[in-house]
Amino acid sequence: MDLTGLTIDSARAAVAERRTSALALAEAFYAKIGSDDPKIGAYLILSKERGLEKASEIDRLANKGDNLPPLAGVPVGIKDVLITKGVRTTAGSKILGNFVPPYDCTAVARLEAAGAVVLGKLNCDEFAMGSSNENSAFKPVHNPRDLSRVPGGSSGGSAAAVAADMAVATLGSDTGGSIRQPASFCGVVGLKPTYGRVSRYGLIAFASSLDHIGPLTKTVKDAAIMLRTIAGRDPMDSTSAELPVPDYVAELDKPVKGMKVGVAKEYFGEGLDAELRSSIEAAIQKLAKLGCEIVEVSLPHTKYAIPAYYLVATAEASSNLARFDGVRYGFRAKDVRSLSNMYRRTRDQGFGAEVKRRIMLGTYALSAGYYDAYYLKAQRVRTLLTRDFEEAFKKVDAIVAPTTPTAAFKLGEKVDDPLAMYLADIYTVTANLAGIPGISIPVGVTKAKLPIGMQIFGKHFAESTILRVANAYDKAA
Amino acid sequence: MKVTEKDVAYVADLANLELSEDERSRMVRDLNSILGHVDSLNALDTKDVPPMAQVSDRYGMDESKKGSERFAYASRDDVKEGLRKSFPTEVALANAPEADGAFFKVPKVIER
């Protein structure tokens with residue numbers, strides 16, 4: 001049996017039927033990480049003690065013949081912006097290089113309570129700021145499909161680990177596309193739920209009104225299982241939604257015949273690579289064959305999404321990252337003259353270039369004299385972008401679009417041009433601004449064998465709908 | 001050029017950053033490049049458009065739709081005793097770069 005190639009259900013079944021043990025499964029993944037990760041760089045920290053203990057606990061239950069929880073023994077990886085009690089958590093930053101959290105992120109705790117085995121913490125852009133994973137303070141991640149290329153970002157380690165069979169499933173975070181974009185670059189499934197569907201408690205904050213936690217998986221069904229496990233109200237996050245969690249898995253196989261699927265012309269304009277366009281158009285044709293009615297819709301403000309997003313996101317980031325000052329946790333600069341000098345030198349030495357750039361842009365956008373022109377303006381445009389979706393969703397049940405304008409680019413290709421890097425997020429940031437769910441699924445490869453992703457958006461809290469469309473496509477493909 | 005060296009120094013000060021000479025000149029270049037792109041927003045007349053700071057500004061706060069996703073972001077009542085006990089001092093101090101068992105230690109605040 002190829003242990004590291006298993007999906008959630010097949011891994012759980014193998015453990016439940018005693019064809020393998022949870023411990024052997026976890027060991028197989030650690031062996032795979034040991035042999036393959038040196039050239040990929042997906043993991044920052046391995047949580048062997050915690051993972052193997054959980055696996056042994058599952059084996060004890062299985063040996064007793066007890067009912068096993070839904071993710072029993074399933075090895076998962078966690079993006080290193082989600083804090084884990086007793087397991088070092090860095091957010092990919094030098095400023096948190098030695099931080100050992102005193103409590104667990106709710107999403108991680110829920111996965112473990114459902115029986116999952118946490119293998120370790122996954123590499124990412126520093127504080128989830130980036131689209132290529134080259135902003136990690138520790139090491140870049142290489143795309144497992146082509147090692148000369150980036151895995152995408154910021155959840156690059158989360159996508160690469162799934163693509164390279166170094167975890168059955170992983171958690172990532174998505175503030176402007178950070179789950180969906182790397183999922184598309186690495187050829188896996190990535191789901192950003194509705195804002196508030198999953199608690200953000202224990203997620204190291206980047207931009208609180210845009211941050212989401214979600215799964216990266218090998219199949220659509222696995223994404224549904226992961227979401228069902230982590231979703232739901234959490235009193236520790238006041239923005240988590242007070243709404244029952246549907247059984248996403250049970251709803252997966254409902255027919256999609258007659259469903260109205262929108263295609264927005266603004267997502268197929270200039271800048272979209274021709275190979276990606278034809279692959280996604282073929283995928284849309286396939287949905288039509290499955291009985292979906294394809295409807296043209298318009299999202300007229302799309303071209304304003306990137307500037308609006310980068311103002312809102314950096315403004316919130318400049319505020320959220322003010323807490324890193326070398327006093328309560330993390331790195332502190334040596335040889336300082338005074339308290340204020342200590343703050344400055346700590347932040348100067350602790351943050352990387354992109355994080356400083358975003359703090360500066362956000363502080364500028366919030367500063368006296370510029371607040372109305374930049375931050376407030378961006379918030380008004382956020383309303384326009386959200387209204388675009390509201391109007392479109394009066395006509396359709398789901399909207400399909402490319403996830404990215406191009407396939408994975410080369411390492412080093414965009415590092416010196418921040419604006420070019422920001423434009424890589426052009427098709428993903430809108431869902432964060434509006435708070436609607438989006439999923440990226442693989443729909444093909446380029447001539448150079450690089451994966452192509454298609455995105456499906458839904459109405460607020462309509463994860464069931466987009467999972468159903470994705471699943472129908474997957475099964476017909 | 002919208003952003004000057006002087007602006008960068010002022011904003012760095014607000015953000016508690018020092019930045020090296022190299023970083024400052026790079027920052028002038030990068031901020032101008034990004035803000036140049038941001039200027040496209042001025043093409044939009046937004047005077048009658050309300051700002052949106054949170055998803056809940058537009059969705060999920062409709063009290064007439066209680067029990068549905070239209071009222072999903074309803075806030076909860078205050079919890080007097082807190083949702084969780086505070087950490088004991090030693091746990092709260094465990095990650096501090098410098099502590100003395102009861103307090104976080106920082107460099108001298110007042111210069112003599």
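Predicted model: local features only at pLDDT ≥ 70, side-chain atom pairs only at ≥ 80, totals over all residues.
**Figure 1. Chain A as a whole.**
Start with the overall look of chain A, which has 16 helices and 11 strands. Its radius of gyration is 21 Å, close to the 23 Å that the globule rule gives for 477 residues, so chain A is as compact as a globular protein of that length. The C-alpha trace of chain A spans about 65 × 55 × 45 Å along its principal axes. Of the 477 residues in chain A, 63% are buried. If you take the contacts in chain A with a separation of 6 or more, 76% of them come from residues 24 or more positions apart.

**Figure 2. Chain B as a whole.**
Chain B has 3 helices and 0 strands, and its pattern along the sequence reads α-α-α. The radius of gyration of chain B is 24 Å, whereas a compact globule of 112 residues would be near 13 Å. Along its principal axes, the C-alpha trace of chain B spans about 55 × 55 × 25 Å. Looking at contacts in chain B between residues at least 6 apart in sequence, 22% join residues at least 24 apart.

**Figure 3. Where chain B touches chain A.**
Here 48 residues from chain B meet 57 residues from chain A. On the chain B side, the elements giving two or more residues are helix H1 (5-14) and helix H2 (21-38) of chain B. H2(B) gives the most to this side, with 7 residues. By residue type, the side of chain B that touches chain A splits into 32 nonpolar, 9 polar and 7 charged.

A:Leu82 sits in the loop between strand E2 (75-79) and helix H4 (106-113) of chain A. Leaving aside neighbours within four places in sequence, A:Leu82 is in contact with A:Cys105, A:Ala107, A:Val108, A:Leu171, A:Gly202, A:Leu203 and A:Ile213. A:Tyr201 is 119 residues away from A:Leu82 along the chain, yet their C-alpha atoms are separated by 8.8 Å.

**Figure 4. Two helices crossing in chain A.**
Helix H9 (residues 274-289) and helix H16 (residues 463-476) of chain A have axes that come within 10 Å and cross at roughly 95 degrees. H9(A) and H16(A) are therefore roughly perpendicular to each other. On H9(A), the contact is made by A:Ala283, A:Lys286 and A:Leu287, and on H16(A) by A:Val469, A:Tyr473 and A:Ala476. Those contact residues divide into 5 nonpolar, no polar and 1 charged.

**Figure 5. Strand E10 of chain A and its partners.**
Strand E10 (residues 438-445) of chain A has 6 of its 8 residues buried, so E10(A) is largely enclosed by the rest of the structure. Strand E5 (residues 189-192) of chain A runs antiparallel to E10(A), joined by 3 bridges. In this view, look for A:Gly190 opposite A:Ser440 in E10(A). E10(A) also pairs with strand E11 (residues 451-458) of chain A, in the antiparallel sense over 7 bridges. A:Pro442 has A:Gly453 in E11(A) as its bridge partner. E10(A) and E11(A) form a hairpin with 5 residues between them, and A:Lys449 in the turn has a positive phi of about 70 degrees.

Key. Residues numbered from 1 in each chain as written. Chains lettered and ligands numbered in written order. Helix = DSSP H or I, 4+ residues; strand = E, 2+ residues; numbered from the N terminus. Rg over C-alpha atoms; globule rule 2.2 N^0.38 Å. Contact = placed C-beta atoms within 7 Å. Nonpolar A, V, L, I, M, F, W, Y, C, P; charged D, E, K, R; others polar. Axes fitted to C-alpha atoms, helices over the stretch in contact; angles between N-to-C directions. Parallel < 35°, antiparallel > 145°, perpendicular 65-115°, else oblique. Buried ≥ 20, exposed ≤ 12 C-beta atoms within 10 Å, placed from the backbone. Pairing = 2+ DSSP bridges.
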